[in-house]
Amino acid sequence: MSEVIINAILQAKPGKEEELRSELVKVIEPSREEKGCIQYTLHQDTDKAGTFVFYEKWKSKEDIEAHTETPHYQQYRQQTEPLIESRVVHRLQEVR
């Protein structure tokens, strides 16, 4: 089975950029410690204020599913919901 890559693009509501950034940072370390996590990186768009991009690489689809059930992920979703204007998630597979 091939690795699964997640690219999640989040846009903060106007005025909520710093608050969103602070909440997103909290989920990085516990996610990196999870079984099956190969890479879990948060990026900030340098041209578009308040746009954040998660780049995640997981060993399997099952590992991602387990990730979404963790308390830190659930907390992150709950805390960020009122701060997010839009969320676009791409599940990717490398073209070889």
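**View 1. Strands E1 and E3 in a predicted model.** Strand E1 (residues 4-12) and strand E3 (residues 51-58) run antiparallel and are joined by eight bridges, strands being DSSP runs of E with at least two residues and helices DSSP runs of H or I with at least four, both numbered from the N terminus. Within this pair, Ile-5 stands opposite Lys-57 in E3. The model is predicted, so that local features need pLDDT of at least 70 and side-chain atom pairs count only at pLDDT 80 or more, while totals for chains, interfaces and linings use all residues. Residues are numbered from 1 along each chain as its sequence is written, and side-chain values use heavy atoms, with hydrogens and water left out.

**View 2. The open sheet.** Four strands in the order E2-E3-E1-E4 form an open sheet with antiparallel pairing, where pairing requires that DSSP finds at least two bridges between two strands. Strand E2 (37-44) and strand E4 (84-92) are the edge strands, each pairing on one side only. From one strand to the next, the twist averages 10°, with axes fitted as lines to C-alpha atoms (for helices over the stretch in contact) and angles between N-to-C directions running from 0 to 180 degrees.

**View 3. Helices on the sheet.** Helix H1 (residues 17-32) packs on the sheet and touches E1, E2, E3 and E4, its direction making about 165° with that of E2; contact means heavy atoms within 4.5 Å. Helix H2 (residues 61-69) also packs on the sheet, touching E1, E2, E3 and E4, and its direction makes about 130° with that of E3.

**View 4. Ser-22.** Ser-22 lies in helix H1 and counts as partly exposed because its relative accessibility is 37%, between the limits for buried (under 20% relative accessible area) and exposed (over 50%), using a 1.4 Å probe and protein chains only. Ser-22 and Thr-80, 58 residues apart in sequence, are 9.8 Å apart in space, C-alpha to C-alpha.
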